[in-house]
Amino acid sequence: MYSTQFLLRLTKTISVAAIGLMALLVVIGNTTDYFTNYHFVEHVLKMDTTFPDSNIHYRSIHSTFLYHAGYIFIIAMEAFMAFCCIKGGWQLFKNLKNSGMVFHASKNWGVAGILTGIVIWFLGFEVIGGEWFAMWQSRIWNGLGSAERIVTFLVMVLILLQFKEED
């Protein structure tokens, strides 16, 4: 049986790589089926499915250009996240059996990718989409549950990664 230290390193490696794979699949889905999630972004920014008597509709955006620009920005961020986490997973894999200091130092790409994911799904979806554009009020265009699930896993892996390695 492998040592606990090795298995924990393997857990960190697989977790970062899995996050990279998830982000890559999101990018593939968002580019090959562009208009499905484009409409999500459009309706969230329009705020057309929020409570009709809400007093915050002044926040809504009515610009096709901004819908596309925002969606393309999200896809670019997801692609950057995928790149960082895939590279981070590879760096961790290459250093699985190296010293604790070397393995710990190889976490930087994974941490950068996870941070990018937190920016996308917490800041972007939960804070800006959920609160500023009141996505929580929409029964149809509400991605808060998915965003929360993703952010929870990202933060748990980030906590796991921060533990220093022993030799």
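Predicted model: local features only at pLDDT ≥ 70, side-chain atom pairs only at ≥ 80, totals over all residues.
**Exercise 1.** Describe the largest pocket by its volume, the residues closest to its centre, the elements that line it and the classes of its lining residues.

*Solution.* Begin with the volume, which is about 400 Å³ for the largest pocket. Next, turn to the lining, which is made up of 19 residues, and note that Gly70, Ile74, Gly124, Phe125 and Ile128 are the closest to the centre. Then assign the lining to elements: those that give two or more residues are α2 (34-46), α3 (64-94) and α5 (108-132), and the largest share, 7 residues, comes from α5. Finally, sort the lining by class, which gives 16 nonpolar residues and 3 polar ones, with no charged residue.

**Exercise 2.** Repeat the description for the second largest pocket, and find which element gives the most to its lining.

*Solution.* The second largest pocket holds about 280 Å³ of space. Of the 16 residues that line the second largest pocket, Asn37, Phe40, Trp121, Phe125 and Ser146 are the closest to its centre. Two or more lining residues come from each of α1 (4-32), α2, α3, α5 and α6 (144-162), and α6, with 4 residues, gives the most. Sorted by class, the lining of this second largest pocket consists of 10 nonpolar, 4 polar and 2 charged residues.

**Exercise 3.** Decide whether Cys84 and Cys85 are in a disulfide or in none, and whether each is buried or exposed.

*Solution.* Start with the distance: the cysteine sulfur nearest to that of Cys84 belongs to Cys85 and is 6.7 Å away. A disulfide requires two cysteine sulfur atoms within 2.5 Å, and Cys84 is accordingly in no disulfide. As for accessibility, buried means under 20% relative accessible area. Cys84 is buried because its relative accessible area is 0%, and Cys85 also counts as buried because its relative accessibility is 0%.

**Exercise 4.** Place Ser3 in the chain, classify its accessibility, and examine how it relates to Phe6 and Ala17.

*Solution.* First, locate Ser3, which is found in the segment before α1. Second, consider its relative accessibility of 43%, because of which Ser3 counts as partly exposed. Third, look at Phe6, whose backbone nitrogen lies 3.1 Å from a polar atom of the Ser3 side chain. Last, compare sequence with space: Ser3 and Ala17 are separated by 14 residues in sequence, while their C-alpha atoms are 21 Å apart.

How values were computed:
Residues numbered from 1 in each chain as written. Heavy atoms only, no water. 1 Å grid on protein atoms, 1.4 Å probe; cavity = no way out; pocket = protein on both sides within 12 Å on 5 of 7 lines; lining within 4 Å. Points joined across faces, edges and corners; volume = space filled by probe spheres on them. Nonpolar A, V, L, I, M, F, W, Y, C, P; charged D, E, K, R; others polar. Buried < 20%, exposed > 50% of the residue type's maximum accessible area, 1.4 Å probe, protein only. Polar contact = N/O pair within 3.5 Å; in protein donor to acceptor, adjacent residues only side chain to side chain.
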